[in-house]
Amino acid sequence: MKLPEGFFIGAATAAHQVEGNNIHSDYWAQEQMPHSSFAEPSGSACDHYNRYEEDIRLLAGAGLNAYRFSVEWARIEPEEGRFNEKEIDHYCAVIRFCREQGVEPIVTLHHFTSPLWLIRKGGWEAESTVEDFRHYAEYTAEKLGNGLRYVCTINEANMGLQLAAIAKRFRLMARQAAAKQAEGTVQVGMNFEKMMENMKFAAAENASVFGTPQPQIFVSSRTPEGDALVFRAHRAARDAIRAVCPWIRVGVTLSMHDCQALPGGERAAGAAWDEEFRHYLPWLEGDDFLGVQNYTRTLYGPEGQLPAPEGAELTQMEYEFYPEALEHVLRRVHEDFPGDLLVTENGIATSDDRRRVEFLHRALSGVERCVGDGIPVRGYCHWSLLDNFEWQKGYAMTFGLIAVDRATQTRMPKESLNVLGSYAENKK
Ligand code: BGC
């Protein structure tokens, strides 16, 4: 089956993970701390800030027609209320270059990192963040909106609650061995073991950098009030963007597992799905699309979440290789959310590109079946264009369609890049 005309086949990145030297952000500050939970600092990352033309050319050359990337709030507004025109010009140039290459730019305004000043003000549990984010979104739309048709306000707006759930499980298990297992249950690079070891030192270091021992960065355990605040920020930004650029389609993205129940696990699986997705439905009303981000499934038994089945193939991230999860999630989301869906992330961390190729074929067949059944999936963006900085796990996780030798910043496209391109309509 062929995907319909206009279907986006793209790849995704996030500013902090690829650009390099994002020095005004909360993550940068955390990476420099003596007792940091990060395996290594992001440093110059993939130097994508300077090499974006080469990277977008490779993407377009393989036939891909969309590039999802994020603009960095901490670059655009390094101090509260002081916007940096030079950085806006940079992102204007990236968007222009995408268009020249026949690539649709899909821009995310917030992908985990925040300006340091925002976190010092109380971060993602502080009421003032709603207005701060709205203001940044409005400014960015005014400056960049002419070149854009799709904007994601916040990446994985539900991540804080997922982390809160893990923290709770973790406290219950309260054993070092459990930390290792917990890492494989969240779709983002976290080092729980290291975080536990470092906790007492981190509190003092946080206090000196952020003015509080427990900074509320975006990827901190969220309270229910903080969870609602993130979605109020999304809606405030959405309305601001629409007021300035009514042609832009605005949505939010969510991290969603394929929550499967084994006998007796129906209640736990249902509750997990409600928490990850269904309780947000009122907040999503009026959005133009929903960004779906999926990497694997999670299994539930009578006692709650279970590890991957015995003998299952695991990715570098310790979660199960299970590309069918995407189709299941798309179908399930569609039951409750009738609007357009955009797969904004889906991928696999592996050193064996043949496994990525297999993953891609199986995930995309699922997307094709969904489209064939009339589910309005409008595009698929693979995570990631480049091997990049996987947050606390550093550079060891290789999610990229393109390998990067960080010593020389040489790009080495993998076979999977061409395989993904072969699904795009303009591929001859
Ligand atoms: C995030 C990405 C991350 C990816 C792989 C998603 O949670 O949006 O930033 O690199 O998963 O873990």
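User: Which residues is Tyr150 in contact with, leaving aside its neighbours within four places in sequence?
Analyst: In this predicted model, Tyr150 is in contact with Phe8, Glu104, Pro105, Ile106, Val107, Ile248, Arg249, Phe289 and Leu342, once neighbours within four places in sequence are left aside.

User: Where is the place of Tyr150?
Analyst: Tyr150 is in strand 4.

User: Buried or exposed?
Analyst: Tyr150 counts as buried, because its relative accessibility is 11% and the cut-off for buried is under 20%.

User: How many residues apart in sequence are Tyr150 and Glu104?
Analyst: Tyr150 and Glu104 are 46 residues apart in sequence, and their C-alpha atoms are 8.6 Å apart in space. Glu104 is also one of the contacts of Tyr150.

User: Switching to Gln293. Where is it found?
Analyst: Gln293 is found in strand 7, which covers residues 289-293. At 0% relative accessibility, Gln293 counts as buried.

User: What does Gln293 touch?
Analyst: Not counting residues up to four places away in sequence, Gln293 touches Arg68, Asn155, Glu156, Gln187, Thr253, Leu254, Ser255, Met256, Thr344 and Glu345. Take Ser255 from that list: Gln293 and Ser255 are 38 residues apart in sequence, but 4.8 Å apart in space, C-alpha to C-alpha.

User: Now the whole chain. How many helices and strands are there?
Analyst: The chain has 16 helices and 13 strands. Its radius of gyration is 20 Å, close to the 22 Å that the globule rule gives for 428 residues, so the chain is as compact as a globular protein of that length.

User: What does the C-alpha trace span along its principal axes?
Analyst: The C-alpha trace spans about 55 × 55 × 45 Å.

User: What share of the residues count as buried?
Analyst: Of the 428 residues, 61% count as buried. The chain exposes about 16,000 Å², and carbon and sulfur atoms supply 51% of that area.

User: And contacts between residues at least 6 apart in sequence: what share join residues at least 24 apart?
Analyst: The share is 79%.

User: What about the positive and negative charges?
Analyst: The chain has 44 positive and 61 negative charges, and the mean positions of the two sets are 1 Å apart.

User: Back to details. What should helix 7 span at 1.5 Å a residue?
Analyst: Helix 7 runs over residues 128-144, and its 17 residues should span 24 Å. The end C-alpha atoms of helix 7 are 24 Å apart, which agrees.

User: Which residues of helix 7 are buried?
Analyst: Thr129, Val130, Asp132, Phe133, Tyr136, Ala137, Tyr139, Thr140, Ala141 and Leu144 are buried in helix 7.

User: What covers them?
Analyst: The cover over the buried residues of helix 7 includes helix 4 (73-76), helix 5 (85-100), strand 3 (104-110), helix 6 (116-120), strand 4 (150-154) and helix 11 (224-244). Strand 4 is also the place of Tyr150.

User: Which peptide bond is cis?
Analyst: The bond from Trp383 to Ser384 is cis, with omega near 10 degrees. Ser384 is found in the loop between strand 11 (377-383) and strand 12 (402-405).

User: What is the phi of Trp391?
Analyst: Trp391 has a positive phi of about 50 degrees, although it is not a glycine. Trp391 also lies in the loop between strand 11 and strand 12, and at 3% relative accessibility it counts as buried.

User: And Ala45, what is its phi?
Analyst: Phi of Ala45 is near 45 degrees, a positive value in a residue other than glycine. Ala45 lies in the loop between helix 2 (26-32) and helix 3 (48-61). Ala45 is buried, with a relative accessible area of 0%.

Terms used. Residues numbered from 1 in each chain as written. Predicted model: local features only at pLDDT ≥ 70, side-chain atom pairs only at ≥ 80, totals over all residues. Heavy atoms only, no water. Helix = DSSP H or I, 4+ residues; strand = E, 2+ residues; numbered from the N terminus. Expected span 1.5 Å × (residues − 1). Buried < 20%, exposed > 50% of the residue type's maximum accessible area, 1.4 Å probe, protein only. Contact = heavy atoms within 4.5 Å. Rg over C-alpha atoms; globule rule 2.2 N^0.38 Å. Areas by Shrake-Rupley, 256 points an atom, 1.4 Å probe, with all protein chains shown as cover. Lys, Arg positive; Asp, Glu negative; His and termini not counted. Charge placed at Lys NZ, Arg CZ, Asp CG, Glu CD.
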